[in-house]
Amino acid sequence: MPLGTLEVILVDAKGLDNNDFLADMDPYVLLTLRTQEKKSNVVSGQGSAPEWNETFVFTVSDDVSELHLKIMDKDNFSADDFVGEATISLEPVFTEGGIPPTPYNVVNQDKEYRGEIKVGLRFTPEPEQNDGPSGEYGGSEEGYGGWKQSSYAEE
């Protein structure tokens with residue numbers, strides 16, 4: 001399992017089921033990578049074809065294989081409504097280093113098609129450190145707070 005940073009570019013969605021009967025829905029997305037969760041902005045007035053154009057960064061540090069997107073409709077006077085969800089396999093991202101913005105199917109609880117969401121992904125692997133133990137200061141290359149190596153050489 002590669003370690004590093006996963007950048008998620010949430011572009012837009014189209015053909016989403018509008019759950020609001022009297023008005024356009026106000027969708028937002030909950031992005032989940034194992035225990036990390038991020039929330040997009042709520043898009044008002046765009047109904048079933050919202051545009052976010054937002055970027056989120058996740059730390060990949062353990063066995064993770066997919067990104068889960070849950071689309072919700074913000075309601076002011078009641079609980080937010082579930083619109084649909086999409087699950088994206090991350091194996092191609094880890095292999096290729098990235099995937100350009102691509103549409104993924106959005107499905108409801110019954111796995112019925114409810115539109116699509118466009119997401120781009122980029123993975124930046126953590127540099128491998130082969131210079132011994134990482135040490136008590138986190139092993140960063142900058143060596144903040146710790147002795148790294150002297151350029152002074154005895155003759």
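**Charges, rings and strands**

Mentor: Start with Lys 38, which lies over the face of Phe 58, 5.4 Å from the ring centre. Keep in mind that this is a predicted model.

Trainee: Which ring does the charged end of Lys 39 sit over?

Mentor: The ring of Tyr 28, at 4.5 Å from its centre.

Trainee: Back to Phe 58. What stands opposite Phe 58?

Mentor: Leu 6 stands opposite Phe 58, which is in β4. Strands β1 and β4 run antiparallel and are joined by eight bridges.

Trainee: And which residues make up the covered face of β4?

Mentor: Trp 52, Glu 54, Phe 56, Phe 58 and Val 60. The uncovered face has Glu 51, Asn 53, Thr 55, Val 57 and Thr 59. In a regular strand, side chains alternate between the two faces of the sheet.

Trainee: Switching to salt bridges. How many are there?

Mentor: The count is five. One of them pairs Glu 7 with Arg 122, with the closest N and O atoms 3.1 Å apart. Glu 7 is in strand β1 and Arg 122 in strand β8, 115 residues apart.

Trainee: What does Lys 14 pair with?

Mentor: Lys 14 forms a salt bridge with Glu 116, the closest N and O atoms being 3.7 Å apart. Lys 14 lies in β1 and Glu 116 in β8, so this pair ties together parts 102 residues apart in sequence.

Trainee: And Lys 111, what's its partner?

Mentor: Glu 85, with the closest N and O atoms 3.8 Å apart. Lys 111 sits in the loop between β7 and β8, while Glu 85 is in strand β6, 26 residues apart. Lys 111 is exposed, at 59% relative accessible area. Glu 85 is buried, at 16%. There is also a network: salt bridges with shared partners join Asp 17, Glu 112 and Arg 114.

Trainee: New topic. How many aromatic pairs does the structure hold?

Mentor: One. The ring centres of Phe 94 and Phe 123 are 4.8 Å apart and the planes are at 75°, so the pair is edge-to-face. Phe 94 is in helix α1 and Phe 123 in strand β8, 29 residues apart.

Trainee: Why do you call Phe 123 buried?

Mentor: Because its relative accessibility is 6%, and buried means under 20%. Phe 94 is buried too, at 13%.

Key
Residues numbered from 1 in each chain as written. Predicted model: local features only at pLDDT ≥ 70, side-chain atom pairs only at ≥ 80, totals over all residues. Heavy atoms only, no water. Salt bridge = Lys/Arg side-chain N within 4 Å of Asp/Glu carboxyl O. Helix = DSSP H or I, 4+ residues; strand = E, 2+ residues; numbered from the N terminus. Buried < 20%, exposed > 50% of the residue type's maximum accessible area, 1.4 Å probe, protein only. Pairing = 2+ DSSP bridges. Phe/Tyr/Trp six-rings, centres within 6.5 Å; stacked < 30°, edge-to-face > 60°. Lys NZ or Arg CZ within 6 Å of the ring centre and 35° of its normal.
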